Amino acid sequence: VAAPGDTIVEIYASDNASVFPVVPIKTVNVNKFIAVIDHADSLGYSYFRLKVGDTYSDIISNRFFELDDALNFRDLGGYPAVEGKRVKWRKIFRSGELNSITGKDEDALKKLNIKTIVDFRSKESQIARKDKIDVPHRHELYIATMASDSVKKEVLLNRFLRGDAIIFMQDTYEDILLNRTEEYRHFFDLLTDERNYPVLFHCSMGKDQSGVAAYFLLYALGVAPDICEDDYLLSNMGIDKSKIIVGASEMTESQQEAFTMLT
């Protein structure tokens, strides 16, 4: 029971970002700070709004998706843009590669009704680790930027240290920005066709080629640069490096530092 002067928050939920019920699913006292709502499947994808007094919040939803074996899968929706607009939820997704997803993941991703996949990985990577998700449209825009097997071998031989890895990644991004404009132009051409949506774009880990693509896209939509940067940095949450760096416990500290920079 609310005490006099307490602030009450009403929580509304919907599976449609454009339509919300008139009755809240939960009413809580703001002083409790945390409200727990039973929602077991992150891919169930409910949208939420909060109401305090006569004021409604913007639409809130989960950005990251909990998949068994897919890195860094998330929605680019919800970000504030110019003139009070927001990027639409459930239209554009980004992720790491999808070559080893489980059957459960495949079933979950079907719920998103993705129509187009844009794959930024190298041709060799796409052939060796083919995506395990079928969509009507697939586009291969080869941007080979990830650390090659030869570089990884150099790390294990202690001939490629943290400083070398930093320079390598700087050179990688310089190559992306200076020499890959045609691939990104094609990417934006695909986004101008409404028939392609929802769209998923990805690379190996969803952070380099995809990170640059997401920054360009959000900036073009009028999202503030600092928010574009925050989205880029979210890959630090979406990638479990302990799973990427196989045998890390047996590596020297120097080797682990180098691999961390490369991933």
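Author: Two strands count as paired if DSSP finds at least two bridges between them, where strands are DSSP runs of E with at least two residues, helices are runs of H or I with at least four, and both are numbered from the N terminus. This is a predicted model, in which local features need pLDDT of at least 70, side-chain atom pairs count only at pLDDT 80 or more, and totals for chains, interfaces and linings use all residues. Residues are numbered from 1 along each chain as its sequence is written, and side-chain values use heavy atoms, without hydrogens and water.

Reader: What makes β8 and β9 a pair?

Author: Strand β8 (residues 116-119) joins β9 in the parallel sense over four bridges, against the at least two required. Within this pair, valine 118 has histidine 139 of β9 as its bridge partner.

Reader: Why are β6 and β9 called edge strands?

Author: The open sheet has five strands with mixed pairing, in the order β6-β7-β10-β8-β9. β6 (74-75) and β9 (137-140) each have a single partner strand, so one side of each lacks a neighbour in the sheet.

Reader: What makes α6 roughly antiparallel to α7?

Author: Helix α6 (residues 209-220) packs with helix α7 (residues 225-233) at an angle of about 155°, their axes lying 9 Å apart. Because angles over 145 degrees count as roughly antiparallel, α6 is placed in that class relative to α7.

Reader: Which residues of α6 and α7 meet?

Author: Gly211, Ala214, Tyr215, Leu218 and Tyr219 of α6 meet Pro225, Cys228, Glu229, Asp231 and Tyr232 of α7, contact meaning heavy atoms within 4.5 Å. Seven residues of this contact are nonpolar, one is polar and two are charged.

How values were computed: Axes are lines fitted to C-alpha atoms, for helices over the stretch in contact, and angles run from 0 to 180 degrees between N-to-C directions. Angles under 35 degrees count as roughly parallel, over 145 as roughly antiparallel, 65 to 115 as roughly perpendicular and the rest as oblique. Ala, Val, Leu, Ile, Met, Phe, Trp, Tyr, Cys and Pro count as nonpolar, Asp, Glu, Lys and Arg as charged, and the others, Gly among them, as polar.
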